[in-house]
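Good morning. Please have a look at the chain on the screen before I start talking.

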Amino acid sequence: MRRRVRAGGGPPLVPALTAVLLALALAALLPGGGRDSGDRARPGAGCVPHTVAAWSAADRLTAEFARYGDDPARTDDWTGGDGTHSLRLPDGRLLWLFSDTYLGPVHAPPNPASESHPWRDAGAPLVRNSAVVMTAGGRLTATLPAPLFPDPAPGQWRWPVAARVEPRSPGAAEQVVRVVLWTREAGRAPWIYGVPLATEVATLSLPELRVESIAVVRDERAVADPSRRVLFGTTLVARDGFSYVFGGDDGQAAARPVSSAFVARVPAGSLAEAAAWEFWTGSGWAAGARPAAVLGDERRTGVGSAFSVVRRGGTYVLFTMAAGTRGLADVTSYWACSPTGPWHGPARVLTAPLPPGEVAAYNPQAHPELGGDDGRLVLSYDVNWLRTTDASAQLSGNAGLYRPRFVTLRLRPADR
């Protein structure tokens with residue numbers, strides 16, 4: 001999941017998803033297929049194993065974020081961020097959502113160390129979330145007022161994750177944007193990157209993208225062990241009148257080898273209604289229940305805390321970072337015939353291209369609205385500096401580091 005934490009007026013820490021990367025580097029994490037937890041949801045027709053046949057760097061999209069972030073005419077807009085999610089709006093625009101985000105000006109190279117990098121001031125503003133609008137033609141044009149989602153209380157913050165355009169209420173003609181949010185609060189080790197609190201859903205108006213309301217849909221504070229708290233929304237798949245919303249726990253923060261994946265379902269038009277959420281219990285769907293893991297056995301199978309799921313025909317494909325030190329750059333995939341699994345894999349997908357230095361890739365996110373009908377799928381990954389001791393200086397000295405990169409994958413049935 002995740003980002004830089006400001007607490008007590010002290011210096012900012014490295015963006016917290018780096019903690020996931022460090023945990024991957026230190027732990028013998030071995031993601032694998034999920035357990036069959038009994039009576040699964042009925043598989044869809046046409047479910048066959050899928051694999052990535054090829055991939056290539058999506059340089060044009062990566063360069064567009066670099067252009068926008070480096071634009072010297074912009075002094076209060078997005079210049080870098082992580083937690084990259086996207087949503088196609090009804091008018092064709094694309095809404096990009098980010099978690100921890102740098103604002104302020106970016107200066108042309110050389111930087112103060114005489115290196116050929118664009119750079120930002122050491123005191124550049126850092127906010128917990130942001131949203132950037134892209135035209136239907138693929139040009140970034142504006143940053144919405146940031147942070148878009150205000151902190152719920154001192155020492156707490158909101159990170160936006162998956163989003164969907166849906167009816168304002170079931171069956172309504174009017175549409176709104178629903179954005180799933182993770183609420184966390186500052187904590188001490190091992191929770192230096194935030195203690196998970198709740199899953200919320202924000203409602204945004206269309207076409208203005210004005211935040212109308214924020215509702216708590218699952219409060220996890222009653223769960224005494226923070227590592228057992230489940231936050232939903234790392235990815236979302238719409239199917240058959242439901243939003244299937246995936247989530248994960250913070251097992252890695254508690255030194256367990258893996259994090260586990262969970263899933264909920266919500267009728268279209270009801271994402272902001274807590275009573276409408278149903279959770280997979282291992283044998284069926286139930287409102288208000290403790291969810292059962294659909295992937296992860298706490299020993300050798302599981303996922304990173306940020307992963308993505310897409311649907312191709314009757315097959316679901318999950319992308320996450322690989323095991324161990326390979327998880328600093330390698331993305332793997334799994335497939336299933338149902339959101340509840342069982343999940344099969346992993347299969348190696350790609351080794352993410354990275355800039356020079358002690359950097360790593362994390363948070364692989366699929367963007368189906370940017371793909372095509374020929375099996376193409378755009379996948380983003382975030383980049384960060386690994387060492388916590390000098391991360392702030394490195395991210396300031398090279399403004400191009402802390403930004404998403406994009407690749408284009410070609411998915412095909414594995415039996416062809």
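This is a predicted model: local features need pLDDT of at least 70, side-chain atom pairs count only at pLDDT 80 or more; totals for chains, interfaces and linings use all residues.

Residues are numbered from 1 along each chain as its sequence is written, and side-chain values use heavy atoms, with hydrogens and water left out.

First, the overall make-up. The protein chain has 3 helices and 24 strands. Helices here are DSSP runs of H or I with at least four residues, strands are runs of E with at least two, and both are numbered from the N terminus. The chain has 416 residues, and 58% of them count as buried. Buried means under 20% relative accessible area, exposed means over 50%, and partly exposed is in between, with a 1.4 Å probe and protein chains only. The accessible surface is about 15600 Å², and carbon and sulfur atoms account for 54% of that. These areas come from the Shrake-Rupley method with a 1.4 Å probe, and for residues only the protein chains shown count as cover.

Next, the disulfide. How many are there in the whole structure? The search finds 1, where a disulfide is a pair of cysteine sulfur atoms within 2.5 Å. The partners are C47 and C337, with sulfur atoms 2.0 Å apart. They link distant parts of the chain, 290 residues apart: C47 is in the loop between α1 (17-26) and β1 (50-57), and C337 is in the loop between β20 (330-336) and β21 (344-351). The angle about the S-S bond is -85°, and the link is left-handed. C337 counts as partly exposed because its relative accessibility is 22%.

G341 and P342 are joined by a cis peptide bond, with omega about 5°, and P342 lies in the loop between β20 and β21. Another cis peptide bond joins G345 and P346, with omega about 10°; P346 is in strand β21.

One is L209, at about 60°, in the loop between β11 (195-204) and β12 (211-219). The other is D240, where phi is near 55°, in the loop between β13 (231-239) and β14 (242-248). Which of these is buried, and which is exposed? L209 is buried, at 4% relative accessibility, and D240 is exposed, at 61%.

Last, the salt bridges. The search of the whole structure finds 19. A salt bridge here is a side-chain nitrogen of Lys or Arg within 4 Å of a carboxyl oxygen of Asp or Glu.

D240 comes up again, in a salt bridge with R239 whose closest N and O atoms are 3.0 Å apart. R239 is buried, with a relative accessible area of 15%.

D70 and R403 form another, with the closest N and O atoms 2.7 Å apart. This pair also links distant parts of the chain, 333 residues apart: D70 is in helix α2 (residues 59-70), and R403 is in the loop between α3 (391-397) and β24 (405-413). D70 is partly exposed at 26%, whereas R403 is buried at 4%.

R387 and D390 meet at 2.3 Å, N to O. R387 is partly exposed, at 32%, and D390 is buried, at 16%.

Finally, R168, E174, R210 and E212 are linked in a network of salt bridges.
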